[in-house]
Amino acid sequence: MTSNRNLVFSGMQPTNTLHLGNYLGALKNWVKMQAQMDCIYCVVDMHAITDDAGYRRPEDLTRATREVTAAYIAAGVDPQRTILFNQSQVPEHAELAWIFNCVARLGWLDRMTQFKEKSGKHKERSSVGLYTYPVLMAADILAYKATHVPVGEDQKQHLELARDIAQKFNNDYESPEFFPLPEPVITGPATRVMSLRDGTKKMSKSDESDFSRINMTDDADTIAQKIRKARTDSEPLPSEKKGLEGRQEAENLINIYAALADEGVDAVIAQFAGQQFSNFKNALADLAVTKLRPINDKMRRLLADQAEIDRILKSGSERARAIAAPIVAEVRRKVGFVG
Ligand code: TRP
């Protein structure tokens, strides 16, 4: 690490079904950012056990942690340059999260919309961990005094909470500017990749229909088939962006094309203006296969050598800990803990 002045931190939950939304919304941007700034990328296995999807599924969690790590590397994260590790190997995250639990106010957490969505009608049966999830997220970021956090729109509120925690800690312990106030970096045009079946819903691992998403492990035929079957309206492609208003499915496919091709939405519209969706879908299927196949192949090669993935995570954890430990030690002193 050259300096702590500008430091990127981001986290991704380990899940078995990484899809195009994860790739275009997060991974691809993370790969770009490592060329510009020092980056720390974390597989957040401790967050993964906060809900039923991750809790009491040890084999799934282990496999998913390795799979997500392989996906990061396959997509271009360079573990030599960038610190890549799993959260649970750096105990400073949990320690700082406890202290932050005492900084954050119940009223702040009560406003978190993701908790409300995830806990649904059964708040009393949710884990306490799910409730305090955003506090752990603040600890992830601030244990490194990270300044920039690439996240999707849905995480903006959690990032505001991290800023509030940093600010209150700085005030309460009379340490102005001890923690920086981390900035969200909301990413590119296809940040919100929507379901291929319903343009109003996010592409998601939990959607019942596998045709709603393109998985990072889908083969070429499956990708092409899913794109051809994607829902669209019966109009041809518009010749201007305005023509996409109210046509969420059409807009989604064009956004996906633009993000995969690294082109602007306007350029894509200009290229396909007036054409039928069947033509456009063929072009999109070719593009998706060309871009995703090399990642897919590399992921498979990496996963064939688990010991190597585990070594990468271990070495990343050691480098991460070397940064977090002195910061958390200073927090301990500020709080007044002896020793
Ligand atoms: N909550 C984030 C998500 O679901 C993942 C995450 C955990 C994270 N810790 C983080 C993202 C720290 C950015 C920084 O996407």
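This is a predicted model: local features need pLDDT of at least 70, side-chain atom pairs count only at pLDDT 80 or more; totals for chains, interfaces and linings use all residues.
## Salt bridges between the domains

Across the interface of domain 1 and domain 2, the rule finds 2 salt bridges, a salt bridge being a side-chain nitrogen of Lys or Arg within 4 Å of a carboxyl oxygen of Asp or Glu.

Residues are numbered from 1 along each chain as its sequence is written, and side-chain values use heavy atoms, with hydrogens and water left out.

## The two domains

Let's meet the two parts. Domain 1 covers 7–191 + 305–335, and domain 2 covers 218–300; these bounds come from an automatic or database domain assignment. Taken over C-alpha atoms, their centres are 31 Å apart.

## Where they touch

In the interface, 13 residues of domain 1 are in contact with 9 residues of domain 2, where contact means heavy atoms within 4.5 Å. About 990 Å² is buried between the domains, and carbon and sulfur atoms give 76% of that area. Buried area is the accessible area (1.4 Å probe) that two parts lose on being put together, summed over both.
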